[in-house]
Amino acid sequence: MVALLTLAFFTGFVIPLQTAANGNLKRQMRSPFLASCINCSVGACVLTMLILVTGESFYRPLDFLLSLDWWLYLSGPLGAVISIVAIVLSARLGMLGTSLSTMTGMMVSGLVFDANGWFNLQVHPFSGARALALVLMLIGLTIALNLPSYLHKHGTKLSLATVGWFLVGCVSGTLLTTQGAINAIFRVEIGSVLVCAWISMILTALIVLIIALCLRHSPTRILEIQVKGRYWIFIGGFMGATNIIATALFVPLIGAGTTMTLGVAGQLCCAMLMDHIGLWEVEVRRIRLTQIVGLILIVGAVALIRLL
């Protein structure tokens, strides 16, 4: 069980790495949609090699694929929606506001999914311990992301529209939980977690490419990418594939609430380390004691969910 919880933690840990890599591609190509397309294409290529190496088959009879419930194919479209929402929110709320709203949605929706047993998940009633865990999670996020300072700095700009965008971020976090729950079922139906993730990545890549073409973002912009030894700018796809596979495996095993909460803890931990050392051209921001306290509170919330 400890091994599963640790791996679930690293499921979230890879997300800031993916974001940093995609951010660099987005700046160079001047198109977040083309950057996402490259990201998903790299992920699909990595999964293709893994499927070939493991000897699994790509082939599934067409009548079998058509017989599956239509919503099992929503993972790819959900991935595209999540990417687009993140782009819009970062411009409206900034990175801190985007992170807070998305993580809040992930944690709350994870507990709701568990309480109702949605998507064939094992039912975990919403007890007093889980309510306390939710409070600890929100307090931990508030402290770790230094929300009071953010509100003091942007307080005069807060409006009904800002609240609305925050709720959109919460919905985006809920979609992340939904995507993980859908993939947990789809990988069983399709008979392979690798093929499940492969289909999801390909669908997302096609959707964002179509959006890019509709916006007249020419794919030839890929020629503008300057690597200069920074091969890590293409690692986003690998990290995305890792996240899809891990959530599909862990959600049914340890529950959506635990998976999403540990994912948030992993995201915070990785972001703190990246800021502290300035990894991958991230601006250096030393780790603060309040961030560590916030992270401890979130880990304590996980303990409440799992042990009580």
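A disulfide is a pair of cysteine sulfur atoms within 2.5 Å. This is a predicted model, where local features need pLDDT of at least 70 and side-chain atom pairs count only at pLDDT 80 or more, while totals for chains, interfaces and linings use all residues. Residues are numbered from 1 along each chain as its sequence is written, and side-chain values use heavy atoms, leaving out hydrogens and water.

**View 1. Looking for disulfides around C37.** By the rule above, the count is 0 disulfides. C37 is in none, and the nearest cysteine sulfur, that of C40, lies 7.3 Å away. Because its relative accessibility is 11%, C37 counts as buried (under 20% relative accessible area; exposed is over 50%, partly exposed in between, with a 1.4 Å probe and protein chains only).

**View 2. The largest nonpolar core.** Here, 51 residues form the largest nonpolar core, and M137, L141, V264 and L268 have the most contacts inside it. Such a core is a set of buried Ala, Val, Leu, Ile, Met, Phe, Trp, Tyr and Cys residues joined through side-chain atoms within 4.5 Å. Elements giving two or more residues include α1 (2-29) and α11 (289-307); helices (H or I, at least four residues) and strands (E, at least two) are DSSP runs, numbered from the N terminus. The largest share, 10 residues, comes from α10.

**View 3. A close look at V264.** Not counting residues up to four places away in sequence, V264 touches M103, M106, M107, L141 and I298. Contact means heavy atoms within 4.5 Å.
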